[in-house]
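My notes are below the view.

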Amino acid sequence: MTDPRGVVLETARLRLREFTYDDADFLVALLNDDDFRRNIGDRGVRSAADARRYLDEGPLTAYVAFGYGLWCVEERDGGRAIGICGLLRRDTLPHPDVGYALLPSARGRGYAQEAVTGVLAHARTTLGLPRVVAIVSPGNVESARVLDAVGYHPSTLVVAAPGADAVWLYVPRS
């Protein structure tokens, strides 16, 4: 559950909070990053209006339906939005999966690992989710490295969305 300000969790350097329509411009930038489009996919978000639609159809709906979703990742010092991280519920996967992406300027500083670790702990302790998986596009070495660092390994190739290319299903190491 979130506090009244929308903050879901905090780590040493990061704050994860629910998205609002005020994040539309940030989402346009993030979702149009070349690495995001190549490794995650083109979400068709080109304007603030598209970003608000994306929020309505994705994170904002998920918060109500599941009590979790993708959250905005901010630096605690200064509050600059640097990425997304959170939990998704897909009909094609047997468990919720952790997803994440950062702006290029925030990469290589350990933020992805810190955010994923925080989300996984929140999933276990606050949400009571017994298992969380992850998916990674083949060739996305950076995301695979993050998941390896938090104790996950590739299991099998799966199709996570109808008509999409196969991705690696990552599961916790036993």
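Predicted model: local features only at pLDDT ≥ 70, side-chain atom pairs only at ≥ 80, totals over all residues.

I looked up the strand order first. The sheet is open and has 8 strands, in the order E1-E2-E3-E4-E5-E6-E8-E7, with mixed pairing. Its edge strands are E1 (7-10) and E7, each of which pairs on one side only. From one strand to the next, the twist averages 30°.

**Pairings.** I reminded myself that strands of a sheet pair through backbone hydrogen bonds, either parallel or antiparallel. E5 (residues 97-102) pairs with E6 in the parallel sense over 2 bridges, and here Val98 stands opposite Ala134. E6 (residues 133-136) and E8 (residues 167-172) run antiparallel and are joined by 3 bridges. In that pair I found Ile135 opposite Leu169. E7 (residues 152-158) also runs antiparallel to E8, with 6 bridges; Pro154 faces Tyr170 there as its opposite residue.

**Helix H1.** I checked what H1 (residues 24-31) lies across: E3, E4 (81-88) and E5. The helix runs at about 80° to E4.

**Helix H4.** Which residues of H4 are buried? In H4 (residues 59-66) they are Pro59, Ala62 and Tyr63. These residues cover an arc of only 105° around the axis, so they lie on the same side of H4. Val64 and Ala65, on the other side, are exposed. I then looked for what covers the buried residues, and found that the cover includes E2 (14-17), H3 (48-57) and E3 (70-75). After H4 comes Gly67, with a positive phi near 85°.

Conventions:
Residues numbered from 1 in each chain as written. Heavy atoms only, no water. Buried < 20%, exposed > 50% of the residue type's maximum accessible area, 1.4 Å probe, protein only. Helix = DSSP H or I, 4+ residues; strand = E, 2+ residues; numbered from the N terminus. Arc of directions from axis to C-beta. Contact = heavy atoms within 4.5 Å. Pairing = 2+ DSSP bridges. Axes fitted to C-alpha atoms, helices over the stretch in contact; angles between N-to-C directions.
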